[in-house]
Amino acid sequence: MTADRRRSPLGGFATAFARLDTGSGGRLRIAERPYPRQLDVRAEPTARAAAEAAVGMALPSTPNRINRSGDRTALWLGPDEWLVVGGGGDVPAVPESAGWGLVDVSAQRTAVVLSGTAVELLAYGCALDLDRMGPDWCAQTTLARAGVILWDSATDEICVLVRASFAAYLAAWLLDAATELIG
Amino acid sequence: MSQPFRHGDGDRIDRTRPLTFRFGDRVLTGFGGDTLASALLANGVHEVGRSVDLGRPRGIVAAGVEEPSALVQIEAPFPEPMLTATTVELYDGLVAQPLAGRGLLSSEPDPARYDAVWAHCEVLVVGAGPAGLAAATDAARPGQRVMLVDERPPGPGEATPAGVRRLSRTTVVGYYDDNFLVAIERRTDHLGPAAPPNAARQRVWRIRAGRVVLATGAHERSIPFPDNDRPGIMLAGAALTYLRCYGVLVGRRALVYTTNDSAYPVADALRSAGAEVVVADTRLGSRGVPPAGNPPAADLTGARITEVFGEQRVICVRVGDRRLDVDVVLVSGGFNPVLHLYSQAGGRLRYDEDLGALLPDGCRQRVDVVGTAAGEGLPRCGPPPLPEPSAADSRTFVDLARDVTIADVRRATSAGLRSVEHIKRYTTAGTAHDQGKTSGLLTSAAVAAALGSSAAEVGVTTARPPYVPVAFATLAGRDRGDLFDPIRITPMHGWHVAHGATFENVGQWKRAWYYPREGEDMAAAVARECRAARTGVAMMDVSTLGKIDVQGPDAAEFLDRLYTNLMSTLSVGTVRYGVMCGVDGMVLDDGTAARLGPERYLVTTTTGNAALVLDWMEEWLQTEWPRLRVWCTSVTEQWATVALVGPAARGVLARVAPDLAVDTASFPFMRWRDTTVAGLPARVFRISFSGELAYEINVASWNGHALWEELVAAGAADGIVPYGTEAMHVLRAEKGYPIVGQDTDGTVTPDDLGLGWAIRKSDKDFVGRRSLSRPDTARPDRKQLVGLLPEDPARHLVEGAHIVERAPLGPPPVPYLGHVTSSYFSVALDRTFALALVASGRQRIGTRLFATLDGELIPVEVTGPVLYDPKGARRDG
Amino acid sequence: MLNTLAEPSRPDRLWRSVEPRRRYQVVIVGGGGHGLATAYYLARNHGITDVALLERGWLAGGNMARNTTIIRSNYLWEASAGIYEHSLKLWEGLEETLGYPILFSQRGVLNLAHSPQEVRDSMRRVQANRLAGVDAQWLEPADVAEVCPIVNVSPQVRYPVLGATFQPRAGIAKHDYVAWGFARAASDLGVDIVENCEVTGFDVRAGRVTGVRTTRGDIAAETVALSAAGHTSVLADMVGLRLPLQSHPLQALVSELLQPVHPTVVMSNAVHVYVSQAHKGELVMGAGIDAYNSYSQRGAIHIIERQLAAAVELFPVFARAHVLRTWAGIVDVSPDASPIVGLTGIDGLLVNCGWGTGGFKATPGVGWCYAHTIANGEPHPLNAPFTLDRFTSGALIDEHGAAAVAH
Amino acid sequence: MMLITCPWCGPRIEIEFHYGGEAGVAYPENPAELSHEEWGRYLFVRANPKGEFFERWCHSAGCRRWFDLRRDTVTHETGSIG
């Protein structure tokens, strides 16, 4: 493997994000966290344990909640679907007739982290009641006119997972929404 | 003297902040906190415009959003049509014009920003009057979010209850399902030219509330009498508002004309401010007992205004046998609780005889109405009295905004109209900017009188959003320009831009259309790109194709049920073209399915249908076949895909994929291989949408740009050419490959497209199969996809041209056989050609038909759809 | 060709709203534009005046009072062009026919194309229209700007205008006056117009509909003709007739009165805008259809917001115009976006429905053909293709492409 | 704007959902055995009641699950089925 020649969907936005940081006096920060490992995991109830063993962590049972384990987080996407974000190593192989499945979707979406007045910024285009999400939440929803996965990635930080083809649109939309902050 | 009618300190104005503005050709002054109306009145200006139909002078009637008549056009800082002077906050440099009923739109682009935000609360209180404040205070408690929304600017010294979020200059305009309310906040209008350019001028609040409290107050209404529209005739409550809030004495010789006690404090206040006031009470023998204080008695009882003198301004009125010289007439015909939002919410209204007004009568949504909006403390004076029928009825207005008189109403009823809805449409009453806020019940009363029925029976017309007019741009918000709709791009987009590609919109995607070189037009560029693909090597970004990972023990069975051909018979490592039908048997989408493993497939869809096909799969899995153990996952953006096409493609691939045996025997057509391309982990498909030797190379999308550049470099020796969607369309059309959405329109079956071979022979069902045997879908003379060769090989048929059997055309309607779906110039064939859907097309191969274009007839020969390399000899290079 | 601002005349005589008799030759259920036109042509073309027109509320108070009054005939398929063009020809003489000012204004309709595929579809429709005898032409962006200078034809917008089809004979009319004109004329010819009379059931004897039950008593009839648009399913259910219809809200809005700015009618399916400026000066604009079934005459605000975003992109001059009022009609949509007009398989019961968003422009044309069907017991050649049977045979008349939402 | 309760994700705005029309219309066991009339009815005829309606929705912007919902087509009041 030659040198890393990857390009992240929002590589071109770094300076604009930095300008927002200074312009808003640090009140609001937007940054891309590129190349997050993402595994889409599907499992029937009976095969749940096997899937968890394969990805090496427990998958949340409660809708719109996450489990954290070391550098990985498992997001609830549906009654039989999860997204395991972070970690590394080989993608686990799925045995035949296992009753669970897995797809490497690491390049499908990129991660944008919002910190500071993230909730206020999201309120411009997200209909969720973000003040009432409780701890360790995640949600699939729409932000502006793009489908996203939002999750509580750290204290005072919300991570937005957006499909690569929509990322530039969403970044431009977020920066425009923040116009009043940068003056 | 400037502002001769200022009197005392209004509690809303700031006398230390003088402001200069222009109205019409007059330069005037006012104070911070003034509305345009209060500033005009302070300067003794009552007449502000002319009425829409009759052109009569019109003045200021009210002090708020209910204003029916004082319409102005704002000229600066930016033109805005038809605002009420009573709601325009004064600022330095305001320029307004009187308005004669019709607004003028500016041809200048609106420079303002607009935005929208979502908000959530447990309790939303609408209206910050006494009742609203009390409700908000009462609701405020830890953990409970209370929003208090008020249309006025924050008044000096107005306290917001602790724990309450207050929005001022914010008007709730709509009340929708599930306690969803929409409010408009006017954020910078009052700053005029000083408004910061980066701030949104107006903001749409989308509020979801657990419970709503409507403290929306009541609107005073007038009393119909001849010439009751003259400037200087206004609502009594408004006069008090102007005095108390804005320090404006609306006149010095006032007649207070009332049906109820609420006007007595008004008379009292104006008298103490030095005005001469005569009180005329319509009630016979009433001494008028006002709510509090030492009441002045009515000077005239059982009184009726029978005549008004003065055109631009009332100067004198006749009450009974008395003539009174006045400069204002202050009218109170009772009050209408403001229940527009309640009604929008689905609330029922009942007519209350005592109030002569509608009251809330129950609503399915969680909403309470409090204060005067619920009728509390309103005078129980019944509806205002109507004058006896007379010639003056044609000057006695019920709706000033639309110039509707009692005579108009009677005309409607005598024409046979009975429903208030018909009468509204006949007279246009209630349809103006104010939507009949002050006039609605007067109109109903007039209708009732004309029909000899009651206002209760007549009712009122339905209140619809918005409660007050809202600018188009405000509701448009930030979905403008490039943000109007997402622009979806591929990982190689930057390269295409840098290399001068022109783009076409394909759904939300921007796709490279062609790459013109210096001095090339579209035709030349496309010809060059096609030539490269047919004779050398060319490459295309096909990353936009939809990709779906289908896995699970029943994946094969699942795909067999959705595709017209069998996918279960694919062996691992191979790829198959497939067609999907809707339940109606019409072609839904096409693409390829690659078997990645015994229980895993990767299927592709057309660019436009990626989401539709995934939804389609999920719908069948979840709602019809829950027992199938299959999972579908979109991987469209996981992979960047480059098509490497042309006789020289193998050599180029060999150069960048050293581990891959590229010879036909080791890597035959319709197979896929995992390997390394340019050092990047890749999956290569040997499939072709051009008939040439071709590979589709997939890498993780973040490596797409690197792969593209490596291929450009590796192909340089062979003069590799990047090509766009137009060349792709030409190449596939030369081979007769249809494009779903261009050669199909939702009425085309697989057989119509000549894809009968892709329909399984086994009788195993697939979605849509039953529809293919319906009488009409089984007809032999259906429109079928064929090729067309214009007899003049230089003649290009327009896509959409229609096909007829014979020339010349008869008179319309002329029967036609079909239409041209695709039409191009082919470099390979050195001529033009087209694809068309033609009735019984396959039987007409070899015959001569005509393509019509705007009446002209172009002779064409019908051929099979495959015009280039029909034997498929070029597939392996 | 700026629209005039002439105040329409207000006639001093309209229709007689009467007590229903107990028996009629024909009962038409639904006093909207279609029902009124049908009653009128029954009397005028076929001499059948023993007709009752039953309206459950106030006359023409449904979609007739709620539509955006666009009149055009440039539909894709021969069958559609046939009936809509017949209708347009009738519109052209309707003021004289009815002796009533309906403010019919042939200011032309532009259907914009925003993508290469829309250009293909537009060309196809223009060619089909010309063969069908419908006036239609293709305009390049520059020509679009000539016809309607306020349209933004800049290539710099998200979905640029790539051209448009133009039907010069198309236009608008004043919906209420159309209804009242038909009502007065029908009433004069002896048709009984009955308002506030809701049909609550049907009398069926030996598989034949012999009358209706109403909130104003039972009424016998030799023929019962449904003409109830969005409420057709509700009525059909009463006789166990299941129709391929779904009822949806279709929203519209109106601005304040403005000085003339918009000389024609512009429709854009891609961005769901269709707008004209009425005679009095207000902008009348149609929005998209709400996706779900509904009988509530209101829609969701996001549809309006989306439509106005598109409108302001397309017409920057509209930025500071104001929305005064929004509302919704209830449209009955058929699977192929084409109407169903004719026999039902139940003797004595006829149906006219499924017009979706196309009902207003068809008013005189369908009235003419439906009256013929009622009078002769078999369809007029122009409505013959619009049978229920096509949903069995599969011979649909798919107008989704040409119609989409913006009729 | 309706607030629709997804059985998994809870209340979400209607924009997040895809409408599926009448609930409980099953794909025929053996389509080949149906008459043209029966097949036509399956293809095109759906209930269209004024009032209570049992219908299908998909939380397409969320968990992508289909579910049935009881909704009043006049008031838009919703409730789960069961």
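This is a predicted model: local features need pLDDT of at least 70, side-chain atom pairs count only at pLDDT 80 or more; totals for chains, interfaces and linings use all residues.
Residues count from 1 along each chain as its sequence is written, chains are lettered from A in the order in which they are written, and side-chain values use heavy atoms, with hydrogens and water left out.

**Stop 1: chains C and B together.** Select both. You'll find 72 residues of chain C in contact with 97 residues of chain B (contact meaning heavy atoms within 4.5 Å). About 7,600 Å² is buried between the two, 54% of it from carbon and sulfur atoms; that is the accessible area, with a 1.4 Å probe, lost on putting the two parts together and summed over both. Now pick out C:Leu131, C:Arg158 and C:Arg320: they supply 13% of what chain C buries against chain B, more than any other three residues.

**Stop 2: the chain C side.** Colour by element here, with helices (H or I, at least four residues) and strands (E, at least two) taken as DSSP runs numbered from the N terminus. Elements giving two or more residues to the side that touches chain B include helix 5 (175-188), helix 7 (301-314) and strand 16 (322-333) of chain C. Helix 3 of chain C gives the largest share, 10 residues.

Stop 3: Go to strand 29 (residues 470-471) of chain B, which runs antiparallel to strand 16 of chain C and is joined to it by two bridges (strands pair if DSSP finds at least two). B:Ala471 stands opposite C:His322.

**Stop 4: two rings.** Select B:Phe472 and C:Phe318, an edge-to-face aromatic pair at 6.1 Å centre to centre, with 85 degrees between the planes (Phe, Tyr and Trp rings, the six-membered one for Trp, pair with centres within 6.5 Å; planes under 30 degrees apart are stacked, over 60 edge-to-face, the rest tilted). B:Phe472 lies in helix 10 (residues 472-476) of chain B and C:Phe318 in the loop between helix 7 and strand 16 of chain C, so the pair joins two chains.

**Last stop: chains A and D.** A:Asp80 forms a salt bridge with D:Arg65, with 4.0 Å between the closest N and O atoms.

How values were computed
A salt bridge is a side-chain nitrogen of Lys or Arg within 4 Å of a carboxyl oxygen of Asp or Glu.
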